Amino acid sequence: MKIAMIGTGYVGLTTGACFAKIGHEVICVDNDSNKIETLNSGKMPIYEPGLHDIVKEMVTAHRLSFTTDIKTAVHNSTVCFIAVGTPPRGKGEPDLAYVENVAREIATSMEEYLLIVEKSTVPVQTHKWIRTTIERYNRTGTPFDVASNPEFLREGSAVNDFLNPDRIVIGVESDRASDLMKEIYKPLNAPIVITDLASAELIKHASNAFLAMKISFANALAVVCEASGADVHQVTCGMGMDKRIGPSFLDAGIGYGGFCFPKDLRAFIHIAEELGYDFKLLREVENINNEMKLRFIRKIQSVLWNLQNKNIGVLGLSFKPDTDDMRFAPSIDIIAELVHKGAHVRAYDPKAMERARKIIPGIEFCSKAEDVAEDADILLLLTEWSEFKQLDLTKLKKRMRVPIICDGRNMLKRTEIEKQGFTYLGVGR
Ligand code: UGA
């Protein structure tokens, strides 16, 4: 199938490259000429495990190309995915201007039947506006369909998520659109859920909101565990074995971050409000998430007393492991508060240092994980990168002023840490 992917951000690039990998011919389009130049010179604008190899392989196989020219891409395609950004505006409502612009450009470029697919995360009913826009600007009356195909890829495991999805959601209005979408995904041999367009749009927001709710539930539970002497990890393991609950997304810690959950939750609350429903449950999910960062700071103060002039070593900055993405990472707010309270912060992250340097002022960045321990009064673990499990604790301890570890991701084993003579603080344990 010939596919145009408009928007070569994290979603568009991963999906486009993976579509090529499963046998399609894909043209990825972006209006950012620097990004297209980077991609055309064989470099990647983001870090995502396994993606660079697929891009290289598919470009060489002539199944993947990059351009700023939307017209050529549309002319050469049967299916055109819209995967442009929908960034939050003032009250969290998504900015759909990019989606509208692209729909308009597609409409004026179409010459033959085209299936236009929403890939970007958009409010329910957006498909109606896309259809109206295409109808308005498609002066030649070229036939088209609109479909919704939300993405469920996680950063850090996006390639694997694409190739092994739990389900593929397709919202369609015609058999022709349904057949084309099924053909695109056929090589994956995965379960396909066909719905109407509004339901497909809602499945995306509802899924992210539900996952965020699970995390906030685990975090609220962690507070109760700490107060009662229980261990949140043991509690969630026990809960998760019930198939109705499931074990995933129940890890307590310093809260969720990233560009999806915070943004999508805000957007969903706003969408519900516009539709006349106050989704109080989700507002509380947000409150709990924000509170976890404050509680973490209080925990640090409970062992260090004053933070003024204390040396704090930070391991991990990205919003989760295996990504260099710093957007809405809990580390940003936590470090800002530590610096505000007068602490001297040394930080290290395996992949996110370059991005972190641009957004976290007033701290020292170290080129090796061990160096954050130099004269430290406490070590904070803010992202659960697996390499932190291999750290030589004896060496770290020698370099620290006071051997305390505050594990914001419950990644380390308390008994092992304590055996090495450290004071260990986790979340909810
Ligand atoms: C999330 C969804 O998981 C994807 O299905 C969705 O496609 C994507 O958003 C999106 O809408 O584009 P992502 O933001 O990449 O994916 O990352 P997750 O793995 O879901 O983690 C999100 C945050 O939750 C991270 O900060 C992570 O540390 C935190 N988290 C996750 C917890 O605090 N506890 C958990 O048990 C799980």
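Strand 12 (residues 378-381), helix 15 (residues 393-399) and strand 13 (residues 404-407) form a right-handed β-α-β unit in this predicted model. Right-handed here means that, with the strands pointing away from the viewer, the path from the first strand over the helix to the second runs clockwise. Helices (H or I, at least four residues) and strands (E, at least two) are DSSP runs, numbered from the N terminus. Residues are numbered from 1 along each chain as its sequence is written, and side-chain values use heavy atoms, with hydrogens and water left out. Because the model is predicted, local features need pLDDT of at least 70 and side-chain atom pairs count only at pLDDT 80 or more, while totals for chains, interfaces and linings use all residues.

Strands 12 and 13 run parallel and are joined by three bridges; two strands count as paired if DSSP finds at least two bridges between them. Leu 381 stands opposite Asp 407 of strand 13, and Leu 381 is also the bridge partner of Leu 315. Strand 12 runs parallel to strand 9 as well, with four bridges between them. From strand 12, Ile 378 and Leu 380 point one way and Leu 379 and Leu 381 the other, and all are buried (buried is under 20% relative accessible area, exposed over 50%, partly exposed in between, with a 1.4 Å probe and protein chains only).

Strand 9 (residues 311-315) pairs in the parallel sense with strand 10 (residues 344-348) over five bridges, and Val 314 faces Ala 347 there. The whole open sheet has six strands in the order 11-10-9-12-13-14, with parallel pairing.

UniProt, in an unreviewed entry, places "domain: UDP-glucose/GDP-mannose dehydrogenase C-terminal" at residues 313-414. UniProt positions follow the numbering used here, feature names are shortened, and annotations may be inferred rather than shown by experiment. The end C-alpha atoms of this span lie 19 Å apart, and the span is 25% helix and 18% strand.

Strand 1 (residues 2-6) pairs in the parallel sense with strand 2 over five bridges. The chain passes from strand 1 through helix 1 (residues 10-21) to strand 2 in a right-handed β-α-β crossover. Four of the five residues of strand 2 (residues 25-29) are buried. Strand 2 also pairs in the parallel sense with strand 3 (residues 64-67), over four bridges, and Val 26 stands opposite Leu 64.

**The ligand site**

The ligand is surrounded by 19 residues, the closest being Glu 151, Leu 153, Glu 155, Lys 204 and Cys 260 (a residue is near if one of its heavy atoms lies within 4 Å). The table gives polar contacts, pairs of N or O atoms within 3.5 Å; within protein, one must be able to donate a hydrogen and the other to accept it, and residues adjacent in sequence count only if both atoms are side-chain atoms.

| Residue and atom | Distance to a ligand oxygen atom |
|---|---|
| Glu 151, polar side-chain atom | 2.7 Å |
| Asn 208, side-chain N or O atom | 2.8 Å |
| Gly 257, backbone N or O atom | 2.9 Å |

Taken alone the ligand exposes 710 Å², of which the protein buries 93% (Shrake-Rupley method, 1.4 Å probe; for residues, only the protein chains shown count as cover). Helix 9 (197-228) and helix 11 (261-274) are the elements that give two or more residues to the shell; helix 9 gives the most, with three.

Cys 260 lies in the loop between helix 10 (232-240) and helix 11. The unreviewed UniProt entry annotates Cys 260 as "active site". Cys 260 is classed as partly exposed because its relative accessible area is 26%.
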